[in-house]
Structure formats: C-alpha cells, structure tokens
Amino acid sequence: MGQEIERKFLVAHGGWRALATGSARLEQFYLFSREGASVRVRISDGARARLTIKTGRDGLSRGEFEYDIPLQDAVELRESRVGKLVAKTRHIVPLAGGWQVEVDVFAGALDGLVMAEIELKTADDAPPLPDFLGREVTGDARYFNSQLALEGMPQAPD
C-alpha cells in the first residue's frame, strides 16, 4: 500500500522565498471526495498529469496511490470535477539533513492562502522546522486540498 506521511503548516512570512530552489504550477481537481477517501487529478506545468487516490482520515498518515495519466485525459476529466479547481504554485525549499518544505501559494478562489508541507519517512521523524512555518494544521481537515476545493477558504479559528 502506498502511504503519505506529512505535516502541514500555515506560512507565517515570506522568508522562504529567498531559499526556494524550484517551482511548479499545479492545477488540481477532485472527481470524488468524502470523509476518508478522495480521487484527485493534478496537472503540473500544463504538461504532465497524475491521478491520485487518497484513503484514511488521519491528517498525518494516509494511503496514497498515484498514477500517471495522459494529459488529454486529465483535461477532459476536469469537466467532471466536484467542487472548484485548486490552482497553486508549489515552491521547493531545501532544509538541513536532506529534508525539504513544499510551499504552496494558492491562486484564484484561494488567493492569499499559503501553506507548507513536509513529507516524512515515518510518523516519528522530527525534521528541522524553519521560522517561516506558522500554525500547524496537519490534523485540521479544513486545510485538506479536497476540502479547499469543496468548501473554499477556511474561516479563521475562534
């Protein structure tokens, strides 16, 4: 079984920008989404497409299965999406020890939202956390990309 283990954070400030080593424009949409499962299509830089199936409710560790699909198939599937299209630019920021942070700057309906993810090898990993990371939202389902597509920008917590 494929597995994704990651921590998610809101980004506190733009100090990451000078450290970024690469970026990609991502457009993603969901064909199916319910609590505990989703099917996503992601188009990267208008050139490549992947179908991703995610399972599980835990924000830290979930099942993840990814498959390359033809770009034209992804373009045609876009019309069958549920919710809104999620557009973002993903920036790669290397960290000490071989770790990296993926900083997502959202556009369109989610303009102004900036989140960061750190992929882990095990749930017990403790990578260095740079100061540009703000509040952790790993377990907050409102910040799952599927929920952003269905519900839009999360409201500030009480």
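A: The model is a predicted one. It has 2 helices and 9 strands, arranged along the sequence as β-β-β-β-β-α-β-β-β-β-α. Buried residues make up 43% of the 158 residues.

The protein carries 20 positive and 24 negative charges, whose mean positions are 2 Å apart. Side chains of opposite charge can pair when their charged atoms come close. The structure holds 13 salt bridges.

R90 takes part in two of the pairs described here. With E102, R90 forms a salt bridge in which the closest N and O atoms are 3.4 Å apart. This pair links distant parts of the chain, since R90 belongs to strand β6 (residues 82-94) and E102 to strand β7 (residues 100-106), 12 residues apart. R90 and E102 are both buried. The side chain of R90 also meets that of D104 in a salt bridge, at 2.8 Å from N to O. Because R90 lies in strand β6 and D104 in strand β7, this pair ties together parts that are 14 residues apart in sequence. R90 counts as buried because its relative accessibility is 11%, and D104 is buried with a relative accessible area of 1%.

Another salt bridge joins R142 and D140, with the closest N and O atoms 2.7 Å apart. Here R142, at 31% relative accessibility, counts as partly exposed, whereas D140 is buried at 17%. As for shared partners, salt bridges join K8, K88, R90, E102, D104 and E117 into one network.

Note on methods: Residues are numbered from 1 along each chain as its sequence is written. This is a predicted model: local features need pLDDT of at least 70, side-chain atom pairs count only at pLDDT 80 or more; totals for chains, interfaces and linings use all residues. Side-chain values use heavy atoms; hydrogens and water are left out. Helices (H or I, at least four residues) and strands (E, at least two) are DSSP runs, numbered from the N terminus. Buried means under 20% relative accessible area, exposed over 50%, partly exposed in between (1.4 Å probe, protein chains only). Lys and Arg count as positive and Asp and Glu as negative; His and the chain ends are not counted. The place of a charge is taken as NZ of Lys, CZ of Arg, CG of Asp or CD of Glu. A salt bridge is a side-chain nitrogen of Lys or Arg within 4 Å of a carboxyl oxygen of Asp or Glu.
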